[in-house]
Amino acid sequence: MTTELTVREAFFDFCRRVGMTTVFGNPGSTELRMFRDFPGDFEYVLALQETVAVAAAAGHSLGTGNATLVSLHSAGGVGHSLGAVFNAYRDRVPVVIIAGQQSRAMLPTHPFLGADEPALFPRPYVKWSRQPERAEDVPAALAEAYRVAMTPPRGPVFLSVPEDDWEHLAEPVPDREVRSDFTASPAALREVAEALNGAANPVIIVGSGVEDEDALPGVLALAERTGAPVWISPLSGRSGFPEDHALFRGFLPPVRDQLSARLEGHDVILALGAPIFTYHVHSEGPVIPAGSRLFHFDCDPSQTAWAPVGTSVLTTIAAGVSGLLELVDKADRPLPEPLERLAKPAATDPIDAALVVESLRERLPEDAVIVEEVPSYRDMFHARLPITRPGGFLTTGSGALGWGLPVAVGRALAGSGERIVCVIGDGAVMYSVQGLWTAVQHNVPMTVVILNNQGYGAVKALGRRIKMDSVPGTDLPGIEFVTLAQGLGCAGRTVTSAADLDAAMAEGLGHDGPFVIDVRVAADNAALYDEPWAR
């Protein structure tokens with residue numbers, strides 16, 4: 001088949017057909033020919049640093065349910081982005097990364113800004129990575145990358161394109177689709193169903209795969225049919241179950257002995273779309289209580305391969321749960337006692353971080369989406385601000401800081417006007433504060449609430465666990481976040497007294513466009529995986 005399309009035209013034609021018409025990026029010289037005659041129906045979203053570009057694209061992808069395109073500069077730009085690429089990989093977010101490369105004729109001389117072995121650079125934290133051998137193969141490689149990114153388990157992919165490839169002729173990519181849902185064998189589903197039907201006290205653990213695969217209706221039906229209490233897996237990047245439901249028990253801690261203790265007394269454990277298990281702090285002891293049987297549903301063969309206990313069933317979550325619902329009997333179990341509502345803290349100065357979360361909860365719009373990056377206060381945050389609807393909560397399940405703010409920006413760009421509320425620590429915000437500039441340029445409906453304890457509180461808390469009197473390099477005094485935000489064009493307000501907190505929340509949540517609320521919280525009440533927040 002002959003054609004008059006250039007590589008660039010075939011590339012954008014495919015992007016258009018699959019709905020990737022928003023491009024996040026930070027431009028460089030090796031991408032210029034890609035953007036010659038940039039299509040009028042595409043939007044370029046400029047980020048001031050590559051981490052911000054990738055994370056904002058991930059937020060956009062989480063909002064649209066489709067892969068999002070990112071354009072990065074060659075080696076150095078890709079290197080800057082890798083913390084966000086790592087998070088996207090661990091959190092299974094489909095991002096299609098296109099990196100510039102110097103002209104093919106220059107590559108033998110190791111040119112300025114050239115990338116040596118570019119396909120190896122982002123590995124192992126991409127699902128697929130390639131620089132095509134021929135220019136005319138670029139459009140087909142893009143199509144393959146997109147399909148890999150969107151096939152469960154979803155994730156980022158990487159395509160390096162030499163700058164002189166864009167002018168070559170190429171064939172258009174044929175229309176085709178991949179039907180990616182799959183389910184376990186009938187025998188495997190019968191085995192799990194029989195275990196649930198015969199269980200004296202089953203329990204369900206949900207992970208981010210439940211929301212990623214729109215499986216919540218089936219999971220909710222399964223929990224109600226079995227009467228099984230539901231926990232959310234440790235450090236999950238989504239919610240996955242309505243946290244005001246009578247069966248909801250809370251978030252499992254990422255500590256082996258604490259997690260096993262929460263599951264004590266349950267003879268059958270069903271984990272859906274979650275690793276077995278993600279730990280942050282080491283402890284000895286069994287992974288699950290003695291005498292318990294664990295069944296694990298996930299779409300990722302590697303995840304099921306390294307799980308240390310139980311029987312893993314390879315399946316997409318919606319399909320697997322649907323199969324179970326045809327086999328599981330209705331159980332007659334009493335509902336658990338409702339979770340006790342934590343009392344609102346006193347309005348004291350310095351401000352208790354828990355009071356900030358309570359004040360936010362009281363004024364939060366019903367359709368708001370929470371993006372959270374406060375590792376110092378994560379357990380407290382979830383105990384006080386229940387997420388009740390699908391898509392209402394995003395965080396990172398991987399822990400590389402700098403994710404939350406740009407994810408919130410990208411999610412806002414993908415939205416239809418709902419308020420995006422980014423609750424973030426003062427340490428985390430400094431990894432990607434440039435994202436505020438992008439938020440201002442697009443006037444996104446976003447409120448950033450900084451829990452400012454003037455330090456890396458999570459690291460300090462971990463230091464206390466191992467009996468350290470102090471941890472060097474963990475204090476962050478003297479940062480004026482509202483002044484910084486204003487320098488990027490973003491409005492804001494600093495709160496140092498509890499008496500001013502409610503008015504600041506009202507102003508920040510009602511502002512037209514992005515707004516920063518810098519709340520100076522008590523520096524000595526950060527906690528990590530401590531018992532007071534166990535539910």
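## Asp475 and Lys460

Asp475 is exposed, with a relative accessible area of 54%; exposed denotes over 50% relative accessible area, buried under 20%, and partly exposed the range in between (1.4 Å probe, protein chains only). The side chain of Asp475 meets that of Lys460 in a salt bridge, at 2.7 Å from N to O. Asp475 lies in the loop between helix 16 (457–465) and helix 17 (481–487), whereas Lys460 belongs to helix 16, so the pair ties together parts that are 15 residues apart in sequence. A salt bridge here requires a side-chain nitrogen of Lys or Arg within 4 Å of a carboxyl oxygen of Asp or Glu. Helices (H or I, at least four residues) and strands (E, at least two) are DSSP runs, numbered from the N terminus.

## Basis of the model

The model is predicted: local features need pLDDT of at least 70, side-chain atom pairs count only at pLDDT 80 or more, and totals for chains, interfaces and linings use all residues. Residues are numbered from 1 along each chain as its sequence is written, and side-chain values use heavy atoms, with hydrogens and water left out.

## Further salt bridges

Across the whole structure, a search finds 24 salt bridges. Side chains of opposite charge can pair when their charged atoms come close. Asp212 is partly exposed, with a relative accessible area of 25%, whereas Arg238 is buried, at 2%.

Arg134 forms a salt bridge with Glu136, and their closest N and O atoms are 3.3 Å apart. Arg134 is partly exposed, with a relative accessible area of 45%; Glu136 is also partly exposed, at 33%.

In strand 6 (residues 157–162), 6 of the 6 residues are buried, so the strand is largely enclosed by the rest of the structure. Val157, Leu159 and Val161 point one way from the strand, while Phe158, Ser160 and Pro162 point the other way.

Strands are taken to pair if DSSP finds at least two bridges between them. Strand 4 (residues 95–101) runs parallel to strand 6 and is joined to it by 6 bridges, with Phe158 as the bridge partner of Ile97. Strand 5 (residues 128–130) is likewise parallel to strand 6, through 3 bridges, and Ser129 stands opposite Phe158. From strand 5 the chain passes through helix 4 (residues 138–150) to strand 6 in a right-handed β-α-β crossover, a term used if, with the strands pointing away from the viewer, the path from the first strand over the helix to the second runs clockwise.
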